[in-house]
Amino acid sequence: MSRIQVQKPGIFTTIQDVGRPNYQRFGMPVGGAMDWHAAALANHRVGNVASAACLEFTYTGPTLFFENEVSFAITGADMHPVLNGEPIERNRACQVRKGDVLGFGRLIEGCRGYLAFAGGIQVPNVLGSKSTYLSAKLGGLEGRRLKAGDILSIGSSDHKLIQFTEPEPYVYQRQEIRVMAGPEASAFKTHALSHFLNTAYKILPESDRMAYRLSGETLELKRAQSMISSGTSLGTIQVPADGQPIVLMADRQTTGGYPRIANVIAADIPLLAQKKAGDLIHFREVRLAEAQELLNELKRGLHDLSE
Amino acid sequence: MPLGDSAFIIQVGDSISEENHSNVMGLKRMIEASGQRGIIEVVPAYCDLVVHYDPSVIQYVELLQLLKSCEAGMEFNHQPDGEIVEIPVRYGGEMAMDLEELAIEKGMSPQEICEIHSGQQYRVYMIGFMPGFAYLGGLDQRLHAERLKTPRIRIPAGSVGIAGSQTGIYPLDSPGGWRIIGRTPVRLFDPVFGEPFLLKAGDIIKFRAISGAEFTEIQRAGDE
């Protein structure tokens, strides 16, 4: 068991794992790491199972003081990590000694970083997960974001560290986000569908772990209709009456009452999760078979690493 | 119909009704009973259900096959198997922020409103919006009421409210525009101790009017 002191928490740092996928029928959001791929990769680098709890930090990283030896890996956004003031590489395991301090600098690329520790962060499971869900103040560390003075307890690990020569490149600059047509796509005017797929949408500052609010060409329905509430899934794109799309992310509500024009494919959720307010995205439509193949490929990539 | 690459929707009807609800729940049971690997969860709504699955374990076409056999084997309009859940409510007092005003609007006494509201049974059609929030069917037409023009910043957990033709209970402190007519001391969502969720889709709710003293007593018992 090792301990880590949080000297500075960063703007928005929470404990996340793969979330709670089995309570949606009770209205419980799934939650978990926004960039599930980066979180799984970080865990893999330190020999953890993919579902181990790690830190997710947005826009700025935390400053951590290590009270014991431990190894960690940083993935996701590049925020210029430094160990005792010296720059270190991301996407690979790094061993620290008692008294070492990990910090971060300026945000260079992406917006969400992940920090996994060998042995995983130890907090109680709530509904089968360690993920922080702020709206219900549950999971993680007392259901809240980290603050200065917090202590993180890390489980023990006898796993050998895996050293990699080539870190996984994940290109965050790509603007294209692939989608599948949603259940209500045909309720939209033809030109609305054309705008949706052929013009850029900007991510608004009101975006958070629950949803990304977008701004761009207005998406009109053929005729106004009031929809009966129905289910949502990760990446569902809803269009409320103002015609501006909303993409449902990790902490999404399980049901919604707005027409669903499209759904971001699971393989592109990690990329979208690295987009920040002001970034532009373009949607491109793919079919189910292609979407699933892309997802399976991404998962196979993580799996192959483990062998 | 796919809802992204890891979920799909099965449409059972296009209106809110006891019959559609019963068919949704019947199909949900059949799919769950199949024990099919790769199905993560079946989430019922008013007239459709969403099946979440892992496409690296099961193919969409295989799921469609399974669904066909479930539909074929399903008895429509069978007896729903929800439980009856009694929920004590303190109507009136300072917890019922909108009761007086609603009574005036409806030309009734607050007492009459409580009697109508607690004199009925309500089916839980679905849970959504927030953890443990039940969408109920069956509100008496005489109690249908517009939402507040300006939603409140914080409605305390347990508040019982009316919005349009719906009635419901807030499981968590939350902002909201429902007209609040009472509060229950019972916890609808308790993730750490005991049963995390009091209600599930298919249950039947009966509200029972209680006094302020009883409210305190039940609340104290719940805290212990």
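Which residue stands opposite A:D78 in strand 10 of chain A? In this predicted model, the residue facing A:D78 across the pairing is A:E109 of strand 10 in chain A. The two strands concerned, strand 5 and strand 10 of chain A, run antiparallel and are joined by six bridges.

**Sheet and strand pairing in chain A**

Most residues other than glycine have a negative phi. Against that background, A:H80 has a positive phi of about 55° although it is not a glycine, and A:E142, likewise not a glycine, also has a positive phi of about 55°. A:H80 sits in the loop that connects strand 5 (70–78) to strand 6 (81–83) of chain A, whereas A:E142 is placed in the loop between strand 10 (109–117) and strand 11 (151–154) of chain A.

Is A:E142 buried or exposed? A:E142 is exposed, because 12 other C-beta atoms lie within 10 Å, and a residue counts as exposed at 12 or fewer. A:H80, with 15 other C-beta atoms within 10 Å, is partly exposed.

**Domains within each chain**

Chain A is divided into domain 1 (2–154) and domain 2 (176–305), while chain B is divided into domain 1 (7–73) and domain 2 (84–223).

| Chain | Separation of domain centres | Residues of domain 1 in contact | Residues of domain 2 in contact |
|---|---|---|---|
| Chain A | 27 Å | 22 residues | 16 residues |
| Chain B | 30 Å | seven residues | six residues |

In chain A, 22 residues of domain 1 are in contact with 16 residues of domain 2. On the domain 1 side of this contact, the elements that give two or more residues are helix 1 (36–45), strand 5 and strand 10 of chain A, and helix 1 of chain A gives the most, with six residues. By class, the residues on the domain 1 side divide into 11 nonpolar, nine polar and two charged.

In chain B, seven residues of domain 1 are in contact with six residues of domain 2. Helix 1 (residues 18–33) of chain B gives the most to the side of domain 1 that touches domain 2, with three residues, and the residues of that side comprise five nonpolar, one polar and one charged.

**Chain B as a whole**

The secondary structure of chain B comes to five helices and 12 strands, and its C-alpha atoms fill a box of roughly 55 × 40 × 35 Å, taken along the principal axes. Of the 224 residues in chain B, 42% are buried. Among contacts in chain B between residues at least 6 apart in sequence, 61% join residues at least 24 apart.

**The contact between chains A and B**

How many residues does the contact take from chain A and from chain B? Chain A provides 33 residues and chain B provides 38 residues. On the side of chain A that touches chain B, strand 15 (230–231) and helix 4 (288–305) of chain A are the elements that give two or more residues, and helix 4 of chain A gives the most, with six residues. This side of chain A has 16 nonpolar, 15 polar and two charged residues.

Methods
Residues are numbered from 1 along each chain as its sequence is written. Chains are lettered from A and ligands numbered from 1 in the order in which they are written. This is a predicted model: local features need pLDDT of at least 70, side-chain atom pairs count only at pLDDT 80 or more; totals for chains, interfaces and linings use all residues. Helices (H or I, at least four residues) and strands (E, at least two) are DSSP runs, numbered from the N terminus. A residue is buried if 20 or more other C-beta atoms lie within 10 Å of its own, exposed if 12 or fewer, and partly exposed in between; C-beta atoms are placed from the backbone. Two strands pair if DSSP finds at least two bridges between them. Two residues are in contact if their C-beta atoms, placed from the backbone, lie within 7 Å. Ala, Val, Leu, Ile, Met, Phe, Trp, Tyr, Cys and Pro count as nonpolar, Asp, Glu, Lys and Arg as charged, and the others, Gly among them, as polar. Domain bounds come from an automatic or database domain assignment.
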